Amino acid sequence: MRFSLAPRTSEFYSLFGKAGVNALEAARLVERRFREHPNSGVTQEQVKAVETEGDTITRDLVVLLNTQYVTPFDREDIYLLATEIDDVVDYLEEASDLLGLYGVEMPTRHAVEQCGVIVKACEQLAFACDNLRGMRGVQDALVELKRLEDEGDRVLRDALAALFRGERIDPLIVIRWKDIYEALERALDACETAANVVANIVVKNA
């Protein structure tokens, strides 16, 4: 690949905006899939399609990064932000897939609550990604995202405690839900990591 000297910085902002919107769409689909399971109007194929679209956006960002001499901010931050947003969608797709793979009959209250927190976090992340150019309002979004990540930690602790509290609970059920809870938690952690990258970008470009 050859570097291009003609600046195409606006394309980076456009692609990050698309990546944020795609992550939010994935979060909303997965939240609905969990909430309505087992009779959800959202299929795993729909979730997978959004995950595939996220892969395409990430690939476009990496190709653009590798062919542009001039970038709007540090190359390392561009790559990290692209891959972390991609991870958010990947982990959401994984959690959604486990519903069918494990033959889950009914969702737990905690899983639905986790999904709700992730949707709110992705709303803040999408806002931050869409406003990278001017940075307006980004700091407030990052603060709120951090608060949501703390809330997600609380929900996860409560979920795991409830799993192990039942004396006669099937060990296989414990294993299944522990895997699902942790996949959802990884999605939320990836949101926070992406927010930290955005925070670094804000500081470096202040």
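**Figure 1. A salt bridge joins the side chains of Asp-158 and Arg-154, with N and O 3.2 Å apart.** A salt bridge is defined here as a side-chain nitrogen of Lys or Arg within 4 Å of a carboxyl oxygen of Asp or Glu. The model is predicted: local features need pLDDT of at least 70, side-chain atom pairs count only at pLDDT 80 or more, and totals for chains, interfaces and linings use all residues. Residues are numbered from 1 along each chain as its sequence is written, and side-chain values use heavy atoms, with hydrogens and water left out. Asp-158 and Arg-154 are four residues apart in helix α5, and about one helical turn therefore separates them. Helices are DSSP runs (H or I, at least four residues), numbered from the N terminus. Asp-158 is partly exposed at 35% relative accessibility, and Arg-154 is partly exposed at 34%. Salt bridges with shared partners link Arg-109, Glu-113, Arg-154 and Asp-158 into one network. The structure holds 16 salt bridges. For accessibility, buried means under 20% relative accessible area, exposed over 50%, and partly exposed in between (1.4 Å probe, protein chains only).

**Figure 2. Lys-146 forms salt bridges with Glu-149 and with Asp-150.** In the pair with Glu-149, the closest N and O atoms are 3.9 Å apart; in the pair with Asp-150, the corresponding separation is 3.5 Å. Lys-146 and Glu-149 are three residues apart in helix α5 (residues 138-165), so about one helical turn lies between them. Asp-150 and Lys-146 also lie in α5, four residues apart, which is about one turn of the helix. Lys-146 is partly exposed, with a relative accessible area of 38%, and Asp-150 is partly exposed, at 39%. Glu-149, by contrast, is buried, with a relative accessible area of 4%.

**Figure 3. Helix α4 (residues 109-130) and helix α6 (residues 171-204) cross at roughly 15 degrees, their axes coming within 10 Å.** This angle makes α4 roughly parallel to α6. The crossing of the two helices is left-handed. On α4, the contacting residues include His-110, Ala-111, Gln-114 and Cys-115, and on α6 they include Trp-177, Tyr-181, Leu-184 and Glu-185. By class, the contact of α4 with α6 has 17 nonpolar, two polar and one charged residues. Axes are lines fitted to C-alpha atoms, for helices over the stretch in contact, and angles run from 0 to 180 degrees between N-to-C directions. Angles under 35 degrees count as roughly parallel, over 145 as roughly antiparallel, 65 to 115 as roughly perpendicular and the rest as oblique. A crossing is left-handed if the near helix is turned anticlockwise from the far one by less than a right angle, and right-handed if clockwise. Contact means heavy atoms within 4.5 Å. Ala, Val, Leu, Ile, Met, Phe, Trp, Tyr, Cys and Pro count as nonpolar, Asp, Glu, Lys and Arg as charged, and the others, Gly among them, as polar.

**Figure 4. Helix α3 (residues 75-101) crosses α6 at roughly 165 degrees, the axes coming within 8 Å.** The two helices are therefore roughly antiparallel. The crossing of α3 with α6 is left-handed. The residues of this contact comprise 20 nonpolar, one polar and seven charged.

**Figure 5. Leu-163 is a buried residue of helix α5.** Its relative accessible area is 6%. Apart from neighbours within four places in sequence, Leu-163 is in contact with Ile-169, Ile-173, Val-174, Trp-177, Lys-178 and Tyr-181. Between the C-alpha atoms of Leu-163 and Gln-124, 39 residues apart along the chain, the separation is 30 Å.

**Figure 6. Gln-68 occupies the loop between α2 (44-67) and α3.** Gln-68 is buried, at 0% relative accessibility.

**Figure 7. Two loops contain Pro-38 and Met-135.** Most residues other than glycine have a negative phi, and most peptide bonds are trans. The peptide bond from His-37 to Pro-38 is cis, with omega near 15 degrees. Pro-38 belongs to the loop between α1 (9-36) and α2. Met-135, which is not a glycine, has a positive phi of about 65 degrees. Met-135 is located in the loop between α4 and α5 and is partly exposed, at 22% relative accessibility.
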